Every structure is written in structure tokens, then in C-alpha cells.
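Dear colleague,

I am handing over the structure below, and I would be glad if you looked through it with the notes that follow.

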Amino acid sequence: MLTKGTLENYILAFAVLLFEGGLARASFVGQARFRDASRLRHQAERLAAEMERNSREDHLTALLNRRGLEHAIDQFENTDGPFVAMLIDLDGFKSVNDTYGHRTGDELLARIARRIEEEAPEGSTLARIGGDEFVLVFSSLRNSPSPSNLASNLISKLARPYPGVASVRIGASIGIYSAKNPGLTEMLLRADIALYTAKRRGRNEFCLFDAELDRELQRRQSIERDLHSAIKTRSLGPWFQPIVRLDTEAVIGFEGLLRWSHPIHGSISPPEIMTAARETGMLQLLTQAVFSECCALSTPW
């Protein structure tokens, strides 16, 4: 027969067992939840890292894209210069898409990327930043190839026939800029000016950004900076040229010709004004100003 003291001992022991069981269960549950939370955290970190890599990669060619190139250039801060940027633009590539289709064009871009990689100096960075535009950036050390020799080799290699698209000839034009310090915006701007100059010379050409091109850039930037003020102060305006009938020699109208006398650069040609307006987003403002000026100067016949 259980006494009151013995019953209390049993109850206390049972309560202790329940408490210890609860602690054990809580411990197991806590460990499981911790493992789940840790697993989810690692999955989230892995997914975030993968998304970051994908955001910097051009999936078509497995090269860097524009964002990836920006990140790579930032890592050059502790690298000895000078640095060379080559802007490579394909000639005749549009004919591939028109003749063979975009799928073949995409495959060809990947093959072209491999050819550029084969010629790229060790430690260089290669990216595809546009439809058929590539950028190659490298540190120009003593053991690096000269930019001119490298550009010549790239042009020669990219111009070789590509199986499957033999009826279309692919070439490349290259703009080159050398800088003491890496800065993507500055390098691409000047390499692009050199590229445009190379294209004006014809296909399969390269051009180095030099002092003459730098003067052209300074002129262009000055014109772009001053254009808005010139429009507001009506420094730009039309000059009227008469339109004459040849049989009667009668003046039947006038043609308005845009003119701007820049205080530093002198007379600016209309195509140069239009280019500056287009680049700075002021083409509509310029059109409205010139139209209003022409209407104000016109008189009824």
C-alpha cells in the first residue's frame, strides 16, 4: 500500500521525466529547425551568387556583359598600367542574320568570341557589350603585344572564312585607346571615336586614339556643352537662300539654312549641329527653335 510520501515521490519523478522528455524533444526540434534554417540560408546564398554571376555574363558567348566588364575594370585598380581598351565591331555581320537567320548568327558570334579569346593576351578581359561589339581590355606591360600588332592579328583572324556561312564575308574594325588609369566610360568613349575613324577608312581597319582625335573630342564636347545656351540665346538661326524658277528667274520661295557662329570654333556646319543635338537629346528643342525663327522672319507675299 502506497503511503502519501511515496505517491508524492512517484508524481515528482513522473514530472521530472516529462520535463526531461520535453527538453529532449525541444532539443531535437530545435536542431532540426536550425539545420533547415542553415540549409535554406546556404541555398539562398548560392542562388544569390548564381544570379549575380548570371547578371554579369553574356549567355550567348559565355563572355562578360557590360555589367560584368564594369566589375572587372574595378578590379584593375591595383594593377600596373597603362591599360589598353580595344573596341571591336564586326563588319558585314548583319548579312549573316539576313541570309542565314538569327540562330546561325548567334552561333557565329560564339565562334567569333572564341577566335578573339585565342588572340587575347594573358590576363586580359573580354566582354560582349552589344549585338556585334566586343571589348578587350588588358594591361600593356613590356611582355604584352603592341596594340597595333594585336589589332592586325585580330582583324586577320576574324576575316578568315567561317564554315556554314561562306557566302557572307565577315570583317572587323577596331578602335584602340591607351590610358594610364582604368576607367570604363573614358576608355570606351575614346575607343569608340577611334573605331568610327577606322570605319570611315573602310573595312578591316584599326585606329589608335591620338592627339588629333583628342582635339576632335574636345571640340565635340565643347559644342555639345554650348548648344543649349546657343538655342536659348538664339545664337543659332536660319539664313535664307532664294529658290528661283529657271525659266522666269522669279523667286518662288526660300530655303532656310541653319547657321551657328561659335565663339571659339567659328562656323559650325549643320550636320555637326544636328549630331550634337541628337547626342544631347535636344533635337526636338532645336527643331522647334529653328521652325519658330523661320516663321517669325517670314512675311506674307
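This is a predicted model: local features need pLDDT of at least 70, side-chain atom pairs count only at pLDDT 80 or more; totals for chains, interfaces and linings use all residues.

The largest pocket has a lining of 17 residues, and those that lie nearest its centre are Y196, R200, E216, R220 and T275. A pocket here is an open set of points on a 1 Å grid over the protein atoms alone, where a 1.4 Å probe fits and where protein lies on both sides within 12 Å along at least five of seven lines; lining residues have an atom within 4 Å of a point. Residues are numbered from 1 along each chain as its sequence is written, and side-chain values use heavy atoms, with hydrogens and water left out.

The volume of the largest pocket is about 550 Å³, where a volume is the space filled by probe spheres set on the grid points, which are joined across faces, edges and corners. Helices α6 (184-201), α7 (211-232) and α8 (270-279) each supply at least two residues of its lining, and the largest share, seven residues, comes from α7. By class, the lining of the largest pocket divides into seven nonpolar, two polar and eight charged residues; Ala, Val, Leu, Ile, Met, Phe, Trp, Tyr, Cys and Pro count as nonpolar, Asp, Glu, Lys and Arg as charged, and the others, Gly among them, as polar.

The second largest pocket holds about 180 Å³ of space, and its lining includes F76, T79, P121, E122, F138 and N143. In this lining four residues are nonpolar, six are polar and one is charged.

Helix α2 (residues 66-74) has G68, L69, A72 and I73 as its buried residues, buried meaning under 20% relative accessible area, exposed over 50% and partly exposed in between (1.4 Å probe, protein chains only). Seen down the axis of α2, these buried residues fall within an arc of 135 degrees, so they line one face of the helix; the arc is that of the directions from the helix axis to the C-beta atoms. Among the elements that cover them are β2 (63-64), β4 (125-128), β5 (133-139) and α6.

Within α2, L69 is buried at a relative accessible area of 0%. Not counting residues up to four places away in sequence, L69 touches L64, T125, A127, I129, V135, V137 and L184, contact meaning heavy atoms within 4.5 Å. The C-alpha atoms of L69 and R128 are separated by 8.7 Å, although these residues are 59 residues apart along the chain.

T125, found in strand β4, is likewise buried, with a relative accessible area of 11%. Leaving aside its neighbours within four places in sequence, T125 is in contact with L64, L69, A72, F76, V135, L136 and V137.

L189, which lies in helix α6, counts as partly exposed at 27% relative accessibility. Beyond four places in sequence, L189 touches L217, R220 and Q221, and its C-alpha atom is separated by 9.7 Å from that of L87, 102 residues apart along the chain.

A62, in the loop between β1 (57-58) and β2, has a positive phi of about 65 degrees although it is not a glycine, and A62 counts as exposed at 53% relative accessibility. R234, in the loop between α7 and β8 (236-244), has a positive phi near 60 degrees, again in a residue other than glycine, and R234 is exposed at 56% relative accessibility.

As for the chain as a whole, its secondary structure comes to nine helices and 10 strands, and buried residues make up 33% of its 301 residues. Of the contacts in the chain with a separation of 6 or more, 66% are between residues 24 or more positions apart.

With best wishes

Key. Helices (H or I, at least four residues) and strands (E, at least two) are DSSP runs, numbered from the N terminus.
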